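Me: I'd like a close look at one part of this model. Could you walk me through the open sheet and what sits around the ligand?

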Amino acid sequence: ISTKTTLAGIHFDNCLMNAAGVYCYDASELNQIQNSMAGTFVTKTGTVTPRTGNQVPRYRATHLGSINSMGLPNKGLQYYMDYISQQQKAVPHKTYFQSIAGFNLAEDEYLLAQIQASDFTGVVELNLSCPNVPGKPQIGYDFETVEKILTRVFEVYRGPLGIKLPPYFDIVHFDQMATILNQFPLAFVNSVNSIGNGLIIDSLSERVTIKPKHGFGGIGGDYLKPTALANVHAFYQRLKPSIQIIGTGGIKSGQDAFEHILCGASMVQVGTALHAEGPQIFARLTAELKTIMYQKGYTTLTDFRGKLNYLD
Ligand code: RRO
C-alpha cells in the first residue's frame with residue numbers, strides 16, 4: 001500500500017506535506033519537515049524583502065481549529081531559495097515547493113525572475129489568498145486581477161507553477177474562477193487558504209484572542225474542513241485534467257486526508273494540526289491513511305482519487 005503521488009509530472013514518495021505558513025519559517029523548522037515522513041515541504045510565503053509580520057499574539061488554537069493574523073512574517077525569497085538550493089544538493093531525489101507573494105504585479109514578476117534565474121528545480125506556489133495584511137485584500141476574490149496576474153506570470157515564468165486560493169462559497173464563483181484558471185498552463189490549484197477574517201473570542205475575559213486587526217484572522221482546522229472539501233471537489237469537477245488539485249483544510253487524521261483525495265486532491269497539506277502536533281504527525285497520518293486504504297482494498301491513491309459518489 002502506497003501513498004505516493006505525482007504532481008506536475010514529478011514523483012513524491014508521500015502525498016502528505018506541510019501547508020505554507022506552518023513549520024516552514026526558517027531552516028530549523030524546514031529541517032524538521034525534511035526529517036519527517038512528509039513527502040516534501042513548502043516554504044513560508046516569501047516576499048521581495050523580509051517581513052516581521054503583525055504584533056503578537058497572532059496565532060491561537062482551540063479544540064476545533066485555529067485563528068491567525070501572522071501578517072506574512074518571512075525571511076524573504078532569497079533565504080528560502082538558498083535553503084532549497086542546499087536541499088536540492090543534499091537530498092536530490094526530492095522536489096520542493098517555494099511559496100511566494102508579491103504586493104503588486106511588478107513584485108510578482110520580480111520574484112519569478114529571481115526564481116527563473118536560479119538553480120531552482122522545484123514547484124512554485126503563488127499565494128493569491130493571504131487574508132492578514134492590513135489594507136491588502138485577498139487577491140483571489142478579485143477575479144479580474146487574478147486573470148491579469150496569471151496572464152503576466154505565464155509570460156515571464158516557464159517552470160511548474162500553481163496557485164493557493166482562498167475558499168469560495170458560491171457555485172457561480174466556482175464556475176467563474178474555473179473558467180479563468182482553465183485558460184492557463186497551471187500545474188495545480190491549492191484549495192484552500194484560511195477562511196479570512198473570522199473572529200474567535202474568549203467569553204470569560206470578554207476579549208478577542210489575537211492582537212492584530214482587533215482580533216480578526218484566518219480560520220483553519222475543523223472549522224474549515226467542509227469548506228475545503230467543497231472547494232477541492234468543485235475545482236476537481238471544473239478544471240482541465242492537466243491542472244491538479246492540492247487539498248488543504250482541516251486535515252488532522254488519515255480519514256480527513258482520505259476525504260480530500262476522494263474529492264480529487266493529488267497532494268494534501270496539513271496546517272493547524274501540524275502546528276498543534278509537530279512533524280511526527282506525518283507518520284501518524286500516513287499510517288492512518290494506509291489503514292483506511294487497506295480496509296477498503298485500495299493500494300494506490302489512483303484507486304479512489306476523485307471518485308466521490310453522489311446520491312443520484
Ligand atoms: O502570514 C499570514 O498571515 C497568512 C498568510 Br501569508 C496566508 O496565506 N494565510 C494565512 O492564514 N495567514
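Reply: β4 and β5 pair in the antiparallel sense, with four bridges between them. Strands here are DSSP runs of E with at least two residues, numbered from the N terminus, and two strands count as paired if DSSP finds at least two bridges between them. This is a predicted model, in which local features need pLDDT of at least 70 and side-chain atom pairs count only at pLDDT 80 or more, while totals for chains, interfaces and linings use all residues. Residues are numbered from 1 along each chain as its sequence is written, and side-chain values use heavy atoms, with hydrogens and water left out.

Back to the pair: a hairpin of two residues links β4 to β5, and Arg60 sits opposite Ile67 in β5. On to the next neighbour: β5 (residues 65-68) is also joined to β13 (residues 216-221), again antiparallel and again by four bridges. There, Ile67 faces Ile219 in β13, and Asn68 has Gly218 as its bridge partner.

Now zoom out a bit. The open sheet has four strands in the order β4-β5-β13-β10, with antiparallel pairing. β4 and β10 (195-199) are at the edges with a single partner strand each, so one side of each has no neighbour in the sheet. From one strand to the next, the twist averages 40°; the axes behind such angles are lines fitted to C-alpha atoms, and angles run from 0 to 180 degrees between N-to-C directions.

What about the side chains of β5? In a regular strand, side chains alternate between the two faces of the sheet. Gly65 and Ile67 point one way from β5, Ser66 and Asn68 point the other way, and all are buried. Buried means under 20% relative accessible area, exposed is over 50%, and partly exposed is in between (1.4 Å probe, protein chains only).

Asn127 uses a polar side-chain atom instead, 2.9 Å from a ligand oxygen atom. On its own the ligand has 320 Å² of accessible area, and the protein covers 91% of that (Shrake-Rupley method, 1.4 Å probe).

Methods:
A polar contact is a pair of N or O atoms within 3.5 Å; within protein, one must be able to donate a hydrogen and the other to accept it, and residues adjacent in sequence count only if both atoms are side-chain atoms.
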